[in-house]
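Subject: Structure handover and notes

Dear colleague,

I am passing on the structure that we spoke about, together with some notes on what turned up in it. Please look through the model itself before reading on.

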Amino acid sequence: MNSRSRYVWAYFMIAPTLIGTLVFWGWPVLQSILLGFQQSENFGLVNHWVGFANYEKLFRDAEFWQNLRNTLYYVALFVPVTLILSTIFAVLLNTKIKGLSIYRVIFFLPQVTMPAAAAMVWVVLFAQDFGLINHILGTRVAWLSNSNYAMIVLVIVGVWGAIGLNMLLILAGLQGIPKSLYEAADIDGAKRFNKFRYITIPMLTPTLFFTSIILLIGATQIFDSIFLIIGKTNVALPSVRSLVYAYYQNSFVYFNPNYGAAIINVLLLINLLLTGIQFAFQKKWVVYD
Amino acid sequence: MTEMQISSARNINWIVHIILIISAVVMLVPFVWMVLTSLKTTTEATQIPIHFFPSAPSLRGYIEAIKQSAFPHYYMNTVFTAIMKTVFPVIFSSMAAYAFARLRFPGSTILFVLIISVMMVPNPVFYTPQYMMMSDLGLVNTVTALWITSLISPFATFLLRQFFMTISKELEEAAVLDGCNPFQIYWHIMLPLVKSALVAIVIIQLQWSWNELQWPLIINSSPEKMTLSSGIATLVSMFGTDYPVLMAGAFMAVVPMIILFFIFQKQFIEGIAFSAHKG
């Protein structure tokens, strides 16, 4: 086959993906950036250039800083808790225990469960009067409408959904540690805790690092559970509202796509930075492997 | 091992089992409570002190949820959308992935980087411009709008390219001598060799599409055009605190994916674990 006809075949085969990516994903990214510098009428029919006005307004808006703090606060609670619990379960399951596959399925179940459906049952479980959780704890906490507890509820729901997958990723990391290291330590008479401290933890660090970056990126985009569990009329909303929620509210409830774009572009920047960090470290660790 | 060591190992084994069993029960509580509540009467669902089990289990919640809302529409829209968002990305991505893996052509590297770089962008960034596009095309509040923006998958393209690159070139060379064109080689020879990766992608796409909330919520507001996810999110405003109806709706929405999960456990777990490594 000559190279001309190979080129034609190649362009034909990548055409749907390339065109689809440029039209539905590539152009929207550029347009989102443009929208941040514009003021639109009729949701984008007429656009005026306003420079940094949207961002100036954003950075002077106390609510934006509150939303950014909420998002970071969620990330700061959700990521470590998920990581620690996932690691504990992975270590427990890595002991040739019976019933591994059953535990795997049970812990993974929330991952395939529709967040909207799960949210509805969490609302019932956390209800103040007739909720199972208050019943078991013997308390009368207004979990969902108290600004101190609403965030904890979101973290619990998030962790419940995330443990299964992360436990498996960490378990795969544990199983990749060479057995010979432990055997050598046994010959030296090392204690169980010391083996964990000086072999398992260091060998597992790359896995833990990547797992946490993936968790971080996902957690910065929290929306579903705030929308479904807390809801727009809840007095606790301001203390849990995330950047994505604020983006949704400004764009599609208040119909101000420009202010919404400014908010989501801040998140875009945060995510690009996180991905950059991931790439930088990936290179470093791949070399050491 | 001494006798003491063996018995301490046995004790630890017991402790591990107890921790795991308790944790597994905790993980399952939402599912159990969903089913139990869906079978209760409205008053029993909010009774104090709590009734754990429905005293007279009834399917009223299920009947109400189906009759009073657009539930059949939610179902059909969700299934149709999930099929579109699975079939097209699998075909288009595998075609592109094969070309990127095997057919050297001018601009291949830059075009590939361009396609996979959109994976770094958080999804909500796309929504406003996509909404404007749908609005220009007159597609707001249509079933088409649910899937038309997701006919391609950069992630699937990336993953399948990796798989194609691991396959030896000998098979293809024989096919070239037989006069096959690149599309025939891709379709008849290469595609069957990456079946496991295709299964993983089908599962990831099905699962994402089935459970997605934000885009359906933004683009369609009339009940007949909603998916299960956006539909049951609005059930609350229709049924308020009629929890048996809400739980019945939630249960019907999650059950198809859970059944698929039980049948294809291994493929689900491996497929989703794959997708987590996309960076």
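This is a predicted model: local features need pLDDT of at least 70, side-chain atom pairs count only at pLDDT 80 or more; totals for chains, interfaces and linings use all residues.

Overall form of chain B

The secondary structure of chain B consists of 15 helices and 0 strands. Its C-alpha trace spans about 75 × 75 × 35 Å along the principal axes, and its radius of gyration is 24 Å, whereas a compact globule of 279 residues would have a value near 19 Å. Of the 279 residues in chain B, 42% count as buried. When contacts in chain B between residues at least 6 apart in sequence are considered, 76% of them join residues that are at least 24 apart.

Where the two chains meet

The two chains touch through 77 residues of chain A and 73 residues of chain B. On the side of chain A that touches chain B, helix α1 (residues 3–36) of chain A gives the most, with 21 residues, and by class this side holds 56 nonpolar, 17 polar and 4 charged residues.

The nonpolar core

The largest nonpolar core has 152 residues, and those with the most contacts inside it are L154(A), I229(A), I263(A) and A250(B). Helix α7 (residues 150–175) of chain A supplies the largest share of this core, namely 15 residues. As for A250(B), once residues up to four places away in sequence are set aside, this residue touches A117(A), M120(A) and V121(A) in chain A, as well as M34(B) and I232(B) in chain B.

Domains in each chain

Chain A is divided into domain 1 (3–49) and domain 2 (55–288), and the centres of these two domains, taken over C-alpha atoms, are separated by 32 Å. The contact between them takes 9 residues from domain 1 of chain A and 8 residues from domain 2 of chain A. On the domain 1 side of this contact, α1 and β1 (38–41) of chain A each supply at least two residues, with the largest share, 4 residues, coming from α1(A). That side of domain 1 of chain A has 3 nonpolar, 6 polar and no charged residues.

Chain B is divided into domain 1 (3–60) and domain 2 (62–276), whose C-alpha centres lie 34 Å apart. Here the contact takes 11 residues from domain 1 of chain B and 11 residues from domain 2 of chain B. The elements that give two or more residues to the domain 1 side are α1 (3–38) and α2 (42–45) of chain B, and α1(B) gives the most, with 4 residues. By class, the residues on that side of domain 1 of chain B divide into 4 nonpolar, 5 polar and 2 charged.

One residue in detail

Y182(A) counts as partly exposed because it has 14 C-beta neighbours inside 10 Å, while a residue needs 20 or more to be buried and 12 or fewer to be exposed. Leaving aside neighbours within four places in sequence, Y182(A) is in contact with K195(A) and I199(A). Y182(A) and R192(A) are 10 residues apart in sequence, and their C-alpha atoms are 9.8 Å apart in space.

With best wishes

Note on methods
Residues are numbered from 1 along each chain as its sequence is written. Chains are lettered from A and ligands numbered from 1 in the order in which they are written. A nonpolar core is a set of buried Ala, Val, Leu, Ile, Met, Phe, Trp, Tyr and Cys residues joined through C-beta atoms within 7 Å. Two residues are in contact if their C-beta atoms, placed from the backbone, lie within 7 Å. Domain bounds come from an automatic or database domain assignment. Ala, Val, Leu, Ile, Met, Phe, Trp, Tyr, Cys and Pro count as nonpolar, Asp, Glu, Lys and Arg as charged, and the others, Gly among them, as polar. The radius of gyration is taken over C-alpha atoms; the globule rule is 2.2 Å times the number of residues to the power 0.38.
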